[in-house]
Amino acid sequence: MAQNRNLSGQSIFAAIVAFLLLCTAGGALLAATAIPFTAASGTAANAVTATFETLPSKIDFAHPSEQSTLYSADGQKIASFYSENRVIVDSSQISPFIKNAAVAIEDQRFYQHHGLDVKGVVGAVINNASGNAIAGGSTITQQFVKNTLLEEGRIAGNTDQIAAATERSITRKLNEARYAVAVENKMSKDEILTGYLNVAQFGPSQWGVEAASQYFYGKHAKDVTLPQAAMLAGITQSPGKWNPVTNPELAKKRRDTVLAKMHELGMISEAQMREGIDTPIKDMLNITKSVNGCAAAGDNAYFCELVTKQLLDSPILGENRDERLSKLYRGGLQIYTTLDLTRQKAAYDAIVKQTPVDDPSSIEMALSSVEPGTGKIQAMVQNTRYGNPSNEDPDQTKLNLNVGEDLGGGAGYPGGSTFKAYTLVQWIKDGHSENDRVYSARQTFRKASWNIPCAPTYAADYSPGNLDGLGYARGNMSIKDIIRRSVNAGAVAMGNKENLCELDKTVSAMGLKRGELGRENSPSSNLTRKHRGDLVKVGEPLPLDLNPSMLLGSNTVTPLSQATAMATLAAEGKYCRPISFTKITDTDGKVIGTQEPECRQVLEKSVAQKATAVLKGVVAPGYTGSEAVLANNRPAAGKSGTANEDWAAWFIGYTPQLATAVWQGHMEGFISMFNTTINGVFNREVYGGLYPARAFKIYTDAALKDQPIQQFGTPPTTVSAPNTAENSALSNAPAKPAPKPSATPSPTPSTSAPAKNDAPKKEAPKKEAPKKEAPKKEAPKTHDPGTYSRRTNGNG
């Protein structure tokens, strides 16, 4: 509590006279000074006293800027954000050495005066007038006031307030003096000293003794030694001049001055002083730089960027972006995210084991993982180094490959045969059976046969290719076989029986979305607007293009949205919006915002269960997801996918506890992965059932290692008679031999990559040759090589 330290009128008068003397050149009074300052003048004393009779009533200064901290789900620090690197601590977290050192060198009568030190100011006037070193005469209380008013101006972005707090004028000195008296009447000495030690600058870019202690010594302010405390206290007068990193000799001289002053005042013994003086500066230092923002997050940097993007879009932090930025970088927030660091490490290890960082192939991988039933993002990684490209490291990138442009990422990547999983869902949702059979050999689907009422101009003749020599793609096939063997013509035949507008609604409700945003006058936006009218919204993800090739994954989608859609199936039809943080608290620990799971049932439970039962068959020996089979007979469902011309490879899969999407390709665009050496192994082609499926397995096994094995829900029994009229109609077998398939382009240009056999062949963009050559080994054949025929999107 504040003590009764009120100044008398004469004391105030004497102090102000001293201040005015100090503020004038050589100690001479300015002729223009309005008050006739004569020590014997009662009129002058009364005038000055009147000025101080009404002291500032509002001295609950704004909380100083403080760094905000991002934490993992279990409370481990991920990154910090700050405009000024400051960590506010209470009195008990500051070493007594620091407090005594600050008082000794800055304000030795701190505990005796009442905010204005008459003796100190007069002494400074005499000292300055005699030509000795310049002395300021301001008390710690006045310095606390000055720094706090300056900080309020910075927080408010008020340049006038900043100028007023730093101008060299009598007016400013008088204002500080008034505030100092008011502060002393309200706050205790320890509160004032603690406030000063938190707000003042104690390093080249460190504010407050806690941030400075961590920077110079790698320890907390409560743990510093005597010589370390003395050096900190000495720095604040001139942080650049007394910086021990750049000016160690000057810093030692200043530190030793502080130690000598502490000894003079009886704060330390002579032995302590001598020991401190004998301590080399270099022996005290352990420079620990604090990196601002997501660059400090390491492998978690891209997830960190996602959280930052969502925070700056959230009204939790303010009404507009400027308010939110200020809150994030100055508000001292504690932000608790959904990131599971154990799963995050497992995810990173899984992808770099398949495609290392800086692999000579220049191929990237990305993985997103979501918790079904909550939407909490558990892991988000990619095999790139975070940062802006530079001459030293041109391969650095800040582009998040897991998300779309709305979340700071790119336009997405063609999903390939992963889309067959969604066609399956719609098939079951429409009341068909997974046991139904459709004609799956090569055929042409005529323009008039398509059902696209919301965008009829998308309809066109379409002739998807199949792989020859595999027998099973030559006639009627069951839906289960079509999906687990990833047969193109069969999947397109399924979609040909569906309303593609309803399919679009289903996949959107499940969480799948394109990465590209709608823009005014962009070709892709105008194309979609032409076909779909007001569905295109500037600044929002474009809707899917509903051309026939969508059934083989021509739309560019993102790993996070794929993982979210798979989580919908894992949660038996319950979609949950993906969330990256759960709680935000302020500097006092008060919760200022939360993100609870936002979920809704978008599929009947039986539909999701039936789809899962079919997709379980994909993750089985002998089928396209065989490389994704999990350890200990843990059940998993999923779908592989490979885009046209080998532009992208995917595996999307899930267990009841975890849903994950893995993408592989070139972040620069549509570049083929044919004849590529990855991690020292030569591949004639790259497909989703290879590297992405392996990464899914490695990650999921590790992520669920200590979790119980859960089974998927059992779907209702479905019996389908193979010779019913419905199945006869569904088979769609042509009365005459199917015409020889030919590549048929989409009816209109599209920025989405077409699925394999969807468009005339074209050269993939050339990529610069890698700087080094990796040893070549032929990839082991885990499948019949014909399953993944070149330029054919069959079998994922």
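These legends accompany close-up views of one predicted model.

Residues are numbered from 1 along each chain as its sequence is written, and side-chain values use heavy atoms, with hydrogens and water left out. Because the model is predicted, local features need pLDDT of at least 70 and side-chain atom pairs count only at pLDDT 80 or more, while totals for chains, interfaces and linings use all residues.

**View 1. The whole chain.** The chain holds 25 helices and 22 strands. Helices (H or I, at least four residues) and strands (E, at least two) are DSSP runs, numbered from the N terminus. Of its 796 residues, 56% count as buried. Buried means under 20% relative accessible area, exposed over 50%, and partly exposed in between, with a 1.4 Å probe and protein chains only. Among contacts with a separation of 6 or more, 73% come from residues 24 or more positions apart. A contact means heavy atoms within 4.5 Å.

**View 2. Helix α16, residues 341-354.** The end C-alpha atoms of α16 are 20 Å apart, which agrees with the 20 Å that 14 residues should span at 1.5 Å a residue. The expected span is 1.5 Å times one less than the number of residues. D340 caps the N-terminal end of α16: a side-chain oxygen of D340 lies 3.0 Å from the backbone nitrogen of T342. Such a polar contact is a pair of N or O atoms within 3.5 Å; within protein, one must be able to donate a hydrogen and the other to accept it, and residues adjacent in sequence count only if both atoms are side-chain atoms. The buried residues of α16 include R343, Y348, I351 and Q354. The buried residues pack against β6 (364-370), β7 (377-382), β21 (676-678) and α24 (691-703).

View 3. Five strands form an open sheet in the order β7-β6-β20-β19-β18, with antiparallel pairing. Two strands pair if DSSP finds at least two bridges between them. β7 and β18 (637-642) are the edge strands, and each pairs on one side only. From one strand to the next, the twist averages 5°. Five bridges join the antiparallel strands β6 and β7. A366 has Q382 in β7 as its bridge partner. α16 packs on the sheet, touching β6 and β7, and its direction makes about 30° with that of β7. Axes are lines fitted to C-alpha atoms, for helices over the stretch in contact, and angles run from 0 to 180 degrees between N-to-C directions.

View 4. Six of the six residues of β18 are buried, so the strand is largely enclosed by the rest of the structure. A637, K639 and G641 point one way, while G638, S640 and T642 point the other way. β18 pairs with β19 (residues 648-654) in the antiparallel sense over six bridges. Within this pairing, G641 has W650 in β19 as its bridge partner. The two strands form a hairpin with five residues between them. In the turn, E645 has a positive phi of about 60°.

View 5. T612 sits in helix α23. At 3% relative accessibility, T612 counts as buried. Leaving aside neighbours within four places in sequence, T612 is in contact with L569, A637, Y654 and F712. A620 lies in the loop between α23 (605-616) and β18. A620 is also buried, with a relative accessible area of 17%. Not counting residues up to four places away in sequence, A620 touches G625, S626 and V629. A620 and A636 are 16 residues apart in sequence and 9.0 Å apart in space, C-alpha to C-alpha.

**View 6. Helix α12, residues 270-277.** M273, G276 and I277 are the buried residues of α12. Seen down the helix axis, they fall within an arc of 95°, so they line one face of α12. The arc is that of the directions from the helix axis to the C-beta atoms. These buried residues pack against α10 (226-235) and α11 (248-264). The face turned away from the buried side carries the exposed residues A271 and E275.

**View 7. The mixed sheet.** An open sheet of five strands has the order β2-β1-β5-β15-β16, with mixed pairing. β2 (77-81) and β16 (591-594) stand at the edges with a single partner strand each, so one side of each is left without a neighbour in the sheet. Neighbouring strands are turned by 15° against each other on average, direction ignored. Four bridges join β5 (residues 334-337) to β15 (residues 581-585), and these two run antiparallel. I335 stands opposite I584 in β15.
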